Amino acid sequence: MTDILFSSWGGAVVDNRGKPEGERQPVPNLNLPLEFDREKKIRAFIGWDGMAIRDPGVNMVDLIRAYMEAVQKESCGKCTPCRVGTRIMSTLLNRIAEGEGKAEDLERLKYLGEMILKSSKCNLGQTGPRPVLHAIGHFKGEFTEAIQSKKKSPREEYKVKVTAPCESACPSHLPISRYVELIKEGRFTESLSAIREATCLAGVLGRVCIRPCEDNCRRQNLDECISIKWLKRFVADYELEMRKGPEATNIPAHSEKVAIIGAGPSGLTCAYYLSLKGYPVTVFERLGEPGGMAAVGIPDYRLPRDIVKYEASVVEKMGAEIRYNIQVGKDITLSQMFDQGYKAIYIAVGAHTNTPMGVEGEDKGYKGFIPGVYYLLEINLGRDPYPEGKKVVVVGGGNVAIDCVRSSFRIGKSDVNLVYRRTKKEMPADRVEIHDAEEEGVKFHYLCNPVRIIAKDGKVTGMECIRMELGEPDESGRRRPVPIKGSEFFIEADIVIPAIGQAIDLSFFDEKDGVKTTKRSTIAVQEGTFQTSREGVFSGGDCMIGPDVLVRAGGHGKRAADKIDAFLRGREVTESEEERLETLVEKIKVYNKDEKILMPGGQKRAILELLPPDSRKWIFDEVEKGFLIPVAQKEAERCLRCVRVGLFAV
């Protein structure tokens, strides 16, 4: 990135001022896009790890003034250095920018900045003054000139983003540092209210989220990450235990009705936030209960159905209506929805079908060959998909595959195997789920791939496999599995379950619906708007991006609610400034896994108590017990409060 004139990002100073373009040094470890949006360019960025100046016309004095104001605004006020120090620094910088600075102000700023960095209790104070010190050190002439000339610095346009490593990694951008802090203070109801600003599924996500936030938690640089997911579950469970859910919100209703197809995580979330905005919302659901794949695709021992039903009831309490056992395309079509007065439609169907393995025999209709999604659906509806079968082999390495093997024990299967073509290290399933499956006695066959399904008299008797070795990396970045000639072997089984991937069934569409789809059998939408090819029809979640994680589907639902609101209010439907800022800080990267944190560590994270393997593997009761209040508060106290401020000059 040689278009940067000056950078101090990450402690690496690159000064290209006055150098011809061919002699400029690149800036390491900073991915700063050129464009803020289609109309504005990024002239400079200043934040927690330094600064980067692209435009020589940027007024450094005003830039630093604006940044320090933003930092001071975010100070929680719980430690004196940050609370008082940042306010004094902001006052001094405003004085200089107003042409009223004094010669000694720069030394005072330097002293205060260094003191705040060293003595603040949280990461806001420990990073906030850093760019100010860099600016005084490398642009002292501009500050001295502003002080001596007594000229007022013109105020320019800036965009501020407050973030944290965990929050930037969350697909739904939950206010994690805030809700964890509220738990620490014992304000559990307020913590749940903060979570509900971004999702209505706290209890669901508190159990089955893949927790990318924890992978980005700075605390793990010190010892272990915060148990963010389980803290979310704690406050959701607290509301249930207190038996006091949120009050129904009485907002003046708009007249425009909205239809939502699918009562899964994305549909429920969209319904919740549209209801809060005052729209009459009707959700059409094919199944007889809410939750979609969260309900019928995730076993009860991980996600009890009562939790899903309760959170759906909260959505209904906000005003949404959910109509069950309605099959769109058969009982009602998109065009009929518009005819019935719906002004906007949000399509949020989940990935309810499977992808084929491409092996011999899978299309023969053998008894005992059961796709993973259907297998879990039957089990979650209280039925054994194939009672005669006792020996199970599942193919795949994701969470669906793990759910299939662990559920097999719970319906009385005695011999359970999992075949995966790579090693344990490459398995995409949750590490915790893999560990729990190992404890329960699942037999894992790594570096193996199915070749053909073997059957007798129309019934599965086993599966022929071949051993694999890892070759060069493929497009996913993982090493490609390569078959080893002559290494074929046989696994005896009367049930074979492919669980290598899910797919979207869009057969409910009629050509006259006017909704275009992609080659991947997903719904085509305009980037950043969730709008389909038909006016008034929006889509998000799995049916838009393909099978993905629950937390992202929920995030789509909330964002889509904002787009639908804009559409119904006659405003331009476009990517919001907040969404753009989120994208930018994700590219810049808020978390540095190599950062050395100079403070005492050694505190292990709190983990949920788990039922012993021998007792849990045969039951569908929830296997994890939630945190008690003292445990939750102590865990929340481990948070380093890594709040960070980024400011873009545009």
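Strand β12 is largely enclosed by the rest of the structure, because 5 of its 5 residues are buried. This is a predicted model. β12 belongs to an open sheet of 4 strands, ordered β13-β12-β11-β18, with parallel pairing.

**Strand β12**
- β12 spans residues 415-419.
- Asp415, Asn417 and Val419 point one way from the strand.
- Val416 and Leu418 point the other way.
- Both sets are buried.

**Sheet layout**
- The sheet is open and holds 4 strands, in the order β13-β12-β11-β18.
- β13 (443-445) and β18 (495-498) stand at the edges.
- Each edge strand has a single partner, so one side of each is left without a neighbour in the sheet.
- From one strand to the next, the twist averages 20°.

**Pairing of β11 with β12**
- Strand β11 covers residues 391-395 and runs parallel to β12.
- 5 bridges join these two strands.
- Val394 has Leu418 of β12 as its bridge partner.
- Between the two strands, the chain passes through helix α18 (residues 399-410).
- This β-α-β crossover is right-handed.

**Pairing of β12 with β13**
- β12 and β13 pair in the parallel sense over 3 bridges.
- Leu418 has Phe444 of β13 as its bridge partner.
- Asn417 stands opposite Lys443 in β13.
- Helix α19 (residues 431-440) carries the chain from β12 to β13.
- That β-α-β crossover is right-handed.

- Arg211 sits in the loop between α10 (202-208) and α11 (212-215).
- Arg211 has a relative accessible area of 12%, so it counts as buried, the cut-off being under 20%.

- Asn325 lies in the loop between β8 (321-323) and α16 (334-339).
- Asn325 counts as exposed, because its relative accessibility is 55% and the cut-off is over 50%.

Terms used:
Residues are numbered from 1 along each chain as its sequence is written. This is a predicted model: local features need pLDDT of at least 70, side-chain atom pairs count only at pLDDT 80 or more; totals for chains, interfaces and linings use all residues. Side-chain values use heavy atoms; hydrogens and water are left out. Two strands pair if DSSP finds at least two bridges between them. Axes are lines fitted to C-alpha atoms, for helices over the stretch in contact, and angles run from 0 to 180 degrees between N-to-C directions. Buried means under 20% relative accessible area, exposed over 50%, partly exposed in between (1.4 Å probe, protein chains only). A crossover is right-handed if, with the strands pointing away from the viewer, the path from the first strand over the helix to the second runs clockwise.
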